[in-house]
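Here is a colleague's note to read beside the structure. Please keep the viewer open and turn to each spot as it comes up.

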Amino acid sequence: MDEAGINEIYAFAIELARKAGRAIVDGSSRRFSSAAGFDHKKNTADLVTETDQAVEALVKREISTRFPDHAFIGEESWAAGEEHALDNQVTWIVDPIDGTTNFVHAFPYTCISIGVVINSVPTIGVVFAPFMDTMYQGCLGKGSFMSSPHHPAPRRLPLVDPTPLDDLRQALVAFEWGSDRRVEVLERKLDCFRKITGDPEGGIAGGKMVQGVRSVGSAALNFCHVASGNLDLYWEIGCWAWDVCAGVVIAQEAGAAVVGSKDHAERATKGDEFNVVTPAVLTGRKYTVIRAIDTDKAKNDQAQKHILNEFYQCITEWDP
Ligand code: IPD
Ligand code: CA
């Protein structure tokens with residue numbers, strides 16, 4: 001696809017995210033004026049509301065009207081049984097509401113996440129958080145940007161020049177509790193949390209004792225915070241391509257690096273394919289993203305690989 005074609009999709013995606021954002025805010029007002037309910041998907045921690053479905057229908061309709069040849073993968077369409085494999089077709093990967101639990105509780109970390117994959121490469125990413133009126137946007141080769149009420153003109157990401165990160169002990173890290181709370185999952189997850197946070201001199205063998213931990217409840221916004229440089233690293237097993245696709249582009253364009261499973265991270269940090277998000281990685285449901293550490297590409301790669309290797313010493317994976 002030529003540059004004009006990509007620019008057209010990018011501009012449309014930004015406009016669409018703002019429109020979807022208005023629908024999310026309206027949906028929230030309606031919910032709180034009528035005490036609307038929500039449905040559980042697989043358990044009481046996995047929620048869906050009427051607004052998730054209405055926003056996805058809106059976004060899907062607008063895309064198919066403007067770009068009838070493009071494919072669409074969305075969380076709610078997938079939940080309704082529609083499946084589409086990622087191939088060479090231009091594919092929109094959309095989560096109408098990332099952070100549905102936040103949406104239900106009026107915790108403002110809720111966003112629409114719109115990613116576009118072109119020739120199997122995540123190429124366009126738009127994440128809009130309507131309750132904070134904050135837009136993150138990125139396009140392959142063009143950088144990524146954030147705009148908000150405090151800074152209406154888009155600011156390039158990361159927001160400040162990358163600072164050194166020599167050791168996980170200096171890191172602010174995000175991970176999430178997710179909705180899979182089965183014993184075999186939770187025990188592994190808690191063991192990872194323990195190693196990431198624990199004090200090795202205080203009796204936690206293998207503890208990396210990161211500086212702090214955050215769980216904001218939205219994978220897409222975690223990616224955007226790493227892109228911005230205000231989170232150092234985010235790791236999660238269990239989220240989906242629609243939660244991360246837009247965030248991948250925004251993060252990579254800000255000098256951040258994305259890897260998939262522990263296996264993939266090991267191969268990627270040893271070989272030449274570092275920070276290459278193939279369809280297998282994008283749909284692999286295991287993700288780590290680490291912020292830009294240096295403006296020099298070779299030094300940045302090296303520093304990111306060093307922290308990733310240290311981080312993965314804490315991780316014992318499970319199958320989501
Ligand atoms: C979820 C959020 C959450 C993450 C889950 C996702 P949803 O998406 O991103 O932070 O922990 O893995 O599924 O259900 O709100 O769209
Ligand atoms: Ca969702």
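This is a predicted model: local features need pLDDT of at least 70, side-chain atom pairs count only at pLDDT 80 or more; totals for chains, interfaces and linings use all residues.

1. The UniProt record, an unreviewed entry, gives the feature "binding site" at Glu75, Asp95, Ile97, Asp98 and Asp243. These positions span 169 residues in sequence, yet no two of their C-alpha atoms are more than 9.6 Å apart, so they gather at one spot.

2. Now pick out Asp95, which belongs to strand 4, residues 91-98. Is Asp95 buried or exposed? With a relative accessible area of 0%, Asp95 is buried, because the cut-off for that word is under 20%. Its side chain reaches the backbone nitrogen of Ile97 at 3.3 Å, and Ile97 is one of the positions in the UniProt feature. Beyond its neighbours within four places in sequence, Asp95 is in contact with Glu75, Cys111, Ile112, Ser113, Trp242 and Asp243.

3. Which residues does Asp98 touch, not counting residues up to four places away in sequence? They are Tyr109, Thr110, Cys111, Ser218, Ala219, Ala220, Leu221 and Asp243.

4. Next, a loop residue. Ser261 sits between strand 13 (257-259) and helix 8 (262-270). The side chain of Ser261 reaches the backbone nitrogen of His264 at 3.0 Å. Leaving aside neighbours within four places in sequence, the contacts of Ser261 are Lys286, Tyr312 and Glu317.

5. Strand 13 also takes part in a sheet. In what order do the five strands of this open sheet run? The order is 11-10-12-14-13, and the pairing is mixed. Strand 11 (212-214) and strand 13 are the edge strands, each pairing on one side only. On average, neighbouring strands here are turned by 20° against each other, direction ignored.

6. Look at strand 12, residues 233-237, where five of five residues are buried. In a regular strand the side chains alternate between the two faces of the sheet. In strand 12, Leu233, Trp235 and Ile237 are buried on one side, while Tyr234 and Glu236 are buried on the other, and both faces are covered.

7. The pairings can be followed strand by strand. Strand 10 (residues 172-175) runs parallel to strand 12 over three bridges, with Ala174 opposite Tyr234. Strand 12 and strand 14 (residues 286-290) are antiparallel over five bridges, and Ile237 has Lys286 as its bridge partner. That Lys286 is also one of the contacts of Ser261. Strand 14 pairs with strand 13 in the antiparallel sense over three bridges, where Val259 is partnered by Thr288.

8. Finally, the helices on the sheet. Helix 10 (residues 297-312) touches strand 10, strand 12, strand 13 and strand 14, and its direction makes about 135° with that of strand 14. Helix 5 (residues 183-197) lies across strand 10, strand 11 and strand 12, at about 175° to strand 10.

Methods. Residues are numbered from 1 along each chain as its sequence is written. Chains are lettered from A and ligands numbered from 1 in the order in which they are written. Side-chain values use heavy atoms; hydrogens and water are left out. UniProt positions are given in the numbering used here, feature names are shortened, and annotations may be inferred rather than shown by experiment. Helices (H or I, at least four residues) and strands (E, at least two) are DSSP runs, numbered from the N terminus. Buried means under 20% relative accessible area, exposed over 50%, partly exposed in between (1.4 Å probe, protein chains only). Contact means heavy atoms within 4.5 Å. A polar contact is a pair of N or O atoms within 3.5 Å; within protein, one must be able to donate a hydrogen and the other to accept it, and residues adjacent in sequence count only if both atoms are side-chain atoms. Two strands pair if DSSP finds at least two bridges between them. Axes are lines fitted to C-alpha atoms, for helices over the stretch in contact, and angles run from 0 to 180 degrees between N-to-C directions.
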